[in-house]
Amino acid sequence: MRIEVKVPQLPESVAEATLLTWHKKAGEAVRRDENLIDVETDKVVLELPAPGDGVLVEIAQPDGSTVKSNDVIAVIDTAAKGASAAGAAAASPAAPAAAAEAKPPSAAAASAMPAARKMIADQGLDQATIPGTGRGGRITKGDVLASAGEGAAGAPATVPATQGAAASARPVPVVPLPAALGIRPEQRVPMSRLRARVAERLVQSQSTAAILTTFNEVNMQPVIDLRNRYKERFEKEHGVKLGFMGFFVKAAVHALKKFPLVNASIDGSDIVYHGYYDIGIAVGSPRGLVVPILRDADQMSIADIERQIAEYGKRAQDGKLTVEELTGGTYTISNGGVFGSMLSTPIINPPQSAILGVHATRDRAVVESGQIVVRPMNYLAQSYDHRIIDGREAVLSLVAIKEALEDPARLLLDL
């Protein structure tokens, strides 16, 4: 029986997808639930499993094709089991031992992450020569970059990149080019769907919103002291490290409750006030900037927040975030400080009306009671849509975040 392999039903917000790299060739045997190809949307990469055992007799859509929901991209013949193996044996009768020892293509492909597989194919590398450092020995994008760098006669494997609302420091592949191209080589590669979508949304944000940014500085010493005092007990009790993002999220929610307009959005000629606090956390991933959402962050403890952020960060690197986890949000926090940023003007993530930029904490000279002292200072930046948020609400909400961080007891007492 012939079974059609179709593109899965895509979310309503996703019209099209791109086929990345087929892990099987026409004529090869496949097993049920074995990943045939990675399907890239503008938000996530989906694995498309085989619907049954058999032989992949036809690939209707090659790598790089643009597809829609329910498009037929391949055909599997369930009555032709073993045909691929028989054909392979007939094709190489002189080397049965070598064929037996050779690693099946599907096994090799399964040892690499989706983003790594695409890069291996793009750069024409031999996957068998790349050591994997990921979980279970899987090859990560960093492994591919390291391998490409070693083969580029000392050329750097990555260059820094700034993307979207935060500097995500996403590694950009440096592909060795033929020397015949001269000393000024160029390479043209198509944007990924995620990169194109990020570009579209950022241009939309700057074209439709009246974006202004207000700044303030916060003395992080009280939070640092609190963290140092309890971090060991916190990790032992909750099984997760006590970082700083939990405090920033709690402080932001504290401010949003005081100034609901900053948590609102524009819909046509209406202002929509959200009675919930879904906080987006900008995360750099091998595919680019993603913003998973902390749902009902006001109801989460600091331990819940730290645990969820750590899980999102890991799954972002593995390309395992779902569309639902990347959809929505009423306010975003972008932490460029993890990459050393001192100050930035983050771009609003539409349809939201504001975004908080957090930066690197550094010892700086400040004046307190007429004396110059050294304090660990962090510069905060809040970009806001001036169409609905006036300067008063923007400035006072950022001051509320500052005060909550400089006196964490305010969060407990709701002051």
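V39 stands opposite L46 in β5, two strands counting as paired if DSSP finds at least two bridges between them. The structure is a predicted model, in which local features need pLDDT of at least 70, side-chain atom pairs count only at pLDDT 80 or more, and totals for chains, interfaces and linings use all residues. Residues are numbered from 1 along each chain as its sequence is written, and side-chain values use heavy atoms, with hydrogens and water left out.

β4 and β5 pair in the antiparallel sense over 5 bridges. They belong to an open sheet of 4 strands with antiparallel pairing and the order β5-β4-β2-β7. β5 (45–49) and β7 (66–67) each have a single partner strand, so one side of each of these edge strands lacks a neighbour in the sheet. Strands (E, at least two residues) and helices (H or I, at least four) are DSSP runs, numbered from the N terminus.

D38 lies in strand β4 (residues 35–40). D38 counts as buried because its relative accessibility is 1%; buried means under 20% relative accessible area, exposed over 50%, and partly exposed in between, with a 1.4 Å probe and protein chains only. The side chain of D38 makes the polar contacts tabulated here. A polar contact is a pair of N or O atoms within 3.5 Å; within protein, one must be able to donate a hydrogen and the other to accept it, and residues adjacent in sequence count only if both atoms are side-chain atoms.

| Side chain | Partner side chain | Distance |
|---|---|---|
| D38 | H23 | 3.2 Å |
| D38 | N35 | 3.1 Å |

Helix α7 (residues 221–238) has 18 residues, which should span 26 Å at 1.5 Å a residue; its end C-alpha atoms are 23 Å apart, which agrees. The expected span is 1.5 Å times one less than the number of residues. α7 bends by about 55° at Y230, the bend being the angle between axes fitted to the seven residues ending there and the seven starting there. V223, I224 and F234 of α7 are buried. The buried residues of α7 pack against α8 (245–258), α9 (302–318), β19 (371–385) and α10 (391–406), contact meaning heavy atoms within 4.5 Å. G239 follows α7 and has a positive phi, near 75°.

α9, with 17 residues, reaches 24 Å from its first C-alpha to its last, close to the 24 Å expected. Its buried residues include A303, I305, E306 and I309. Among the elements covering them are α7, α8 and β12 (279–281). Just after α9, G319 takes a positive phi of about 70°.
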